[in-house]
Amino acid sequence: MNSLKSILLLATTLIFVACEYEPEGSNYIELTPPENSIPIQISLNDINPSDTIYLYKSADFSVKVKSIKDLKLATISIDGELIRTMRKDSVSFQVYLDQLGEGVHKVTVNATFATNTGSLADLMGLEGYTGELTWNIRVINNPEEHFNIGYRSKEDGFLEIFWNSPLPQSLIEKYSIYSGLTQNSEISIYDPNQKSFTDYGYVCGYVYYDVKVYLKDGNTFQKGISFCTAGPNIYFEDQGTDNLRIYWDKPFANGRFDLLCNEKIIVSEITDTTVTIPQLFGRNRKFRLDVRPQKTGYDNFHNRFSAYGRFTQGTLLDLPNCPLYAYNKTDDIIYTSRYSDLLALDANSLQKKNEITIKGNPWGILYGGKIATAPHDSRIAAMTGEETWIFADSRFVDPIKISPLRGNVNTRLAALTSNDRFFVVEQDSTKCKVFNSLTGDKIFEIPFTYKTKYTFPNFTTVSEDGQYFCASSTKGIEVFGINGTTKELLYTDTREYEGAMFVPDQPDQLLLSVNSNIELRKIPDFTLIQSLDISRNKTVLCNIDPVSKNILYYQNDSLKVCPIDNLSKTIFKIRCDERSCKLYKNKIFTHEVGAITFDITPHIKD
Amino acid sequence: MKKLIIALLLCFPIHVFSQGWSFEYSIGYGTYQLDDIKELQRTMINKRGLKETDAFPGHITHSLSVGYNTGFHSMGSTFSYLTTGGRLHRADFSGSYTVDMITNGYRIGVFYRHYIPTGHTPLSVYFQVTPGVIISNLDMKEQIKVYSQLDKKNTNLKGFGIYLEPTIGLKYQLSDRLYCSLGGGYEINFPSKMKQSGLETEIEANWNGLRLYCGLIFVLPTFKK
């Protein structure tokens with residue numbers, strides 16, 4: 001019985017487990033498997049994937065996909081992040097700059113196409129053809145910030161503006177350069193590969209450039225640069241009595257130069273930075289260097305510059321125009337005037353030893369005539385616009401005043417003699433007044449026939465000892481001997497005289513400029529000692545140095561010096577256009593335009 | 001599990017005489033309406049090219065009955081196992097897609113059988129009515145294999161219903177205690193909505209259909225005549 005139960009149980013279990021229905025049947029469909037590959041076209045703005053896309057502003061993108069099979073899905077991602085899906089064969093979208101950071105990004109377009117086999121995998125979307133392309137996008141925010149401009153001097157010496165473009169040349173239409181100070185119009189450069197511009201219109205100074213980049217898509221951006229380079233300074237090199245070398249800094253870029261002296265052009269349109277010109281004594285020469293572009297076609301109102309300099313051959317004395325001069329042998333002092341002051345200068349150092357103001361009422365020494373020093377002592381006579389003051393020495397105390405005895409620029413003669421007399425010939429006067437230099441009393445007068453209308457040179461003169469007086473003019477000459485208060489006409493003629501002066505320390509020698517000669521004659525017999533023919537060259541006697549006894553005269557645009565004992569020997573020559581200079585202790589002093597002195601001692605030819 | 005319980009019940013048979021206890025095993029054939037389930041299958045046709053290859057055909061049934069015979073009457077309990085299934089299938093070079101829907105029904109009921117002698121002693125005719133409950137189980141096994149990728153999905157629905165089955169049959173005595181029977185009837189179902197994971201669906205497991213049986217009856221008499 002138990003066995004029967006077991007059999008029944010087992011049989012029942014087996015029957016029930018084995019009896020569950022098992023569905024059956026198969027539906028296999030014969031289909032053609034897909035090809036291994038198909039051609040797929042993926043396009044992004046028709047740009048070659050090997051090209052980099054430069055993005056500098058928000059831009060529209062167009063993606064197109066195409067194949068012989070149906071598109072299932074295409075995705076567009078940037079740096080792996082999905083931004084768009086497409087189920088049609090084209091889509092457009094916009095990329096904004098702030099979506100992407102500066103730098104390089106990758107745009108990937110992945111397209112999946114159906115196999116259209118009808119297989120289960122195809123129906124489930126697990127079968128398809130896929131293609132993918134990637135483009136590099138370089139984002140440049142604010143390209144103008146990456147646009148750098150610089151400048152340099154080229155090897156040929158001209159200024160070059162150069163720049164770098166943050167965008168490739170293929171995007172660039174042209175460049176334009178605007179420089180209002182060096183170019184008359186905007187410059188256009190149509191070669192994108194050209195990244196520099198030579199400005200022939202620039203030499204130095206301040207300049208600015210605006211460089212503008214035109215892109216093929218119509219956008220532009222620009223950057224400017226301005227800078228300032230120093231203009232040239234003028235320098236002088238004293239090359240002796242004859243030549244003066246003027247040179248200047250080379251400006252940043254090539255230029256051409258005009259050099260003017262006192263507003264007159266002396267060299268024009270040179271490209272060198274140095275020039276040598278003749279010296280000219282007696283002028284505080286003001287030079288102006290005009291700088292312009294080397295190429296003449298680039299001149300304009302803005303690109304010319306000037307540099308200034310002054311040069312004086314010799315030493316400028318701090319004296320105004322037309323100072324008066326006199327030399328005192330006893331004290332080795334040169335007396336001169338500065339406005340209302342009478343100055344005493346050390347004859348060697350030319351340093352002021354003393355001064356006194358003689359203002360007068362109202363003229364003073366400012367509008368005075370002459371100053372004279374005594375040949376035998378320290379006395380000094382100064383003729384003011386009102387009277388004459390005679391000082392005992394350079395201390396300028398307790399003067400003897402002779403009033404009224406006015407002096408002015410046209411006073412013909414003011415001389416102190418060693419016999420304590422003061423000789424004065426006033427303007428247009430035919431009398432020589434003689435005063436006691438110790439007391440100021442008038443002693444006598446010497447009338448004469450020939451008066452001169454010229455202030456310079458000296459036409460009336462008296463010997464240092466006061467024994468001889470000479471009055472000359474272009475009409476003739478009279479030489480008087482003086483004994484006490486009497487005078488005696490020693491000589492007269494009617495030759496045409498151009499000047500007369502007694503020789504210092506040689507009271508019996510009279511130097512004359514007459515007709516076409518310079519004559520040294522002995523008084524009282526008026527015999528000729530020396531003569532120098534000056535018929536070819538117009539000559540003006542200046543003075544005789546009381547120390548060196550050298551004669552200073554003006555001839556042929558030059559001052560010349562010759563010894564008193566050899567008129568034909570020129571021991572010094574200097575180019576000068578002033579005829580009223582004086583020579584004291586071998587120093588030439590100008591009179592007309594400011595006071596300049598020049599020591600000829602180192603230049604004297606033996 | 002149900003099958004195990006049924007098997008256990010059979011370990012403890014009730015010995016009766018016939019007039020006594022009877023143990024009957026029948027193997028049969030049934031057809032099944034299962035219209036909702038068939039409709040469910042039909043909705044999946046053409047999905048990704050699926051085609052119906054099997055649609056809940058009639059299938060073998062198994063029944064076990066335990067009853068008590070008293071002369072012309074026999075009554076007791078009965079258990080039946082119904083199973084059928086459907087298949088949707090599609091395959092090609094890229095893979096296959098199979099949806100198998102196996103539907104099992106477990107009937108537990110009571111029966112009353114009335115025998116009518118035919119005048120030929122070993123052979124008798126009987127009329128039987130069997131009410132009971134039926135527990136339905138629908139397993140949907142979905143498998144997709146595409147190239148090397150395999151995906152399976154199983155869905156299970158359970159339902160409960162009441163059935164009534166009138167049957168007419170023949171019984172032939174083979175020996176004192178052994179008989180064979182042959183019968184046929186029609187099951188009428190009153191199903192309720194099936195549930196999936198406790199949630200009611202719109203699907204009913206309607207097992208309506210023809211039932212044919214052929215079985216052996218073993219009788220343990222309680223009294224000797």
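**Figure 1. Strand 1 of chain B and its two partner strands.** B:Ser22 stands opposite B:Gly67, a residue of strand 3 of chain B. The model shown here and in the other views is a predicted one. Strand 3 covers residues 59-70 of chain B, runs antiparallel to strand 1 of chain B, and is joined to strand 1 by 11 bridges. Strand 11 of chain B, residues 209-221, also pairs with strand 1 in the antiparallel sense, over 11 bridges. Why can strand 1 of chain B be described as largely enclosed by the rest of the structure? Of its 11 residues, numbered 20-30, 8 are buried, so the strand is largely enclosed.

Figure 2. The average pLDDT of chain B is 88, and 91% of the residues score at least 70. The pLDDT falls below 50 over residues 8-18 of chain B, a stretch that has 25 contacts in the model beyond near neighbours in sequence. Where pLDDT is low, predicted coordinates should not be read in detail. For the complex, the predictor gives an ipTM of 0.84 and a pTM of 0.64.

**Figure 3. Overview of chain A.** Chain A contains 2 helices and 50 strands. Of its 606 residues, 36% are buried. When contacts in chain A between residues at least 6 apart in sequence are considered, 53% of them join residues at least 24 apart. The remaining views show selected parts of this chain.

**Figure 4. An open sheet of mixed pairing in chain A.** Strands of a sheet pair through backbone hydrogen bonds, either parallel or antiparallel. In this view, 5 strands of chain A form an open sheet with the order 2-8-7-4-5, and the pairing is mixed. The edges are taken by strand 2 (52-55) and strand 5 (81-86) of chain A; each has a single partner strand, so one side of each is left without a neighbour in the sheet. From one strand to the next, the twist averages 25 degrees. Within the sheet, strand 4 (residues 71-78) and strand 7 (residues 103-114) of chain A run antiparallel and are joined by 7 bridges. A:Leu73 has A:Thr112, in strand 7, as its bridge partner.

Figure 5. Is A:Tyr151 buried or exposed? There are 21 other C-beta atoms within 10 Å of A:Tyr151, and the residue is therefore buried, since 20 or more is the requirement. Apart from neighbours within four places in sequence, A:Tyr151 is in contact with A:Leu159, A:Glu160, A:Ile161, A:Ile225 and A:Phe227. A:Phe227 is 76 residues away from A:Tyr151 along the chain, and their C-alpha atoms are separated by 9.0 Å.

**Figure 6. An open antiparallel sheet of chain A.** The 4 strands of this open sheet follow the order 24-25-26-27 in chain A, with antiparallel pairing. Strand 24 (325-328) and strand 27 (352-357) of chain A are the edge strands, and each pairs on one side only. The average twist from one strand to the next is 20 degrees. Strand 25 (residues 333-338) and strand 26 (residues 341-346) of chain A are paired in the antiparallel sense over 6 bridges. A:Tyr335 has A:Ala344 as its bridge partner in strand 26.

**Figure 7. The loop that holds A:Gly385.** In chain A, A:Gly385 is located in the loop between strand 29 (380-383) and strand 30 (388-391). This glycine counts as partly exposed because it has 19 C-beta neighbours inside 10 Å. Beyond its neighbours within four places in sequence, A:Gly385 has contacts that include A:Gly360, A:Trp363, A:Tyr367 and A:Arg406. A:Lys359 lies 26 residues from A:Gly385 in sequence, with a C-alpha to C-alpha separation of 9.2 Å.

**Figure 8. A hairpin in chain A.** How many residues lie between strand 38 and strand 39 of chain A in the hairpin that they form? There are 2 residues between these strands, and A:Gly484 in the turn has a positive phi of about 70 degrees. Strand 38 (residues 477-483) and strand 39 (residues 486-493) of chain A pair in the antiparallel sense over 7 bridges.

Key:
Residues are numbered from 1 along each chain as its sequence is written. Chains are lettered from A and ligands numbered from 1 in the order in which they are written. This is a predicted model: local features need pLDDT of at least 70, side-chain atom pairs count only at pLDDT 80 or more; totals for chains, interfaces and linings use all residues. Two strands pair if DSSP finds at least two bridges between them. Axes are lines fitted to C-alpha atoms, for helices over the stretch in contact, and angles run from 0 to 180 degrees between N-to-C directions. A residue is buried if 20 or more other C-beta atoms lie within 10 Å of its own, exposed if 12 or fewer, and partly exposed in between; C-beta atoms are placed from the backbone. Two residues are in contact if their C-beta atoms, placed from the backbone, lie within 7 Å. pLDDT is the predictor's confidence in each residue, from 0 to 100.
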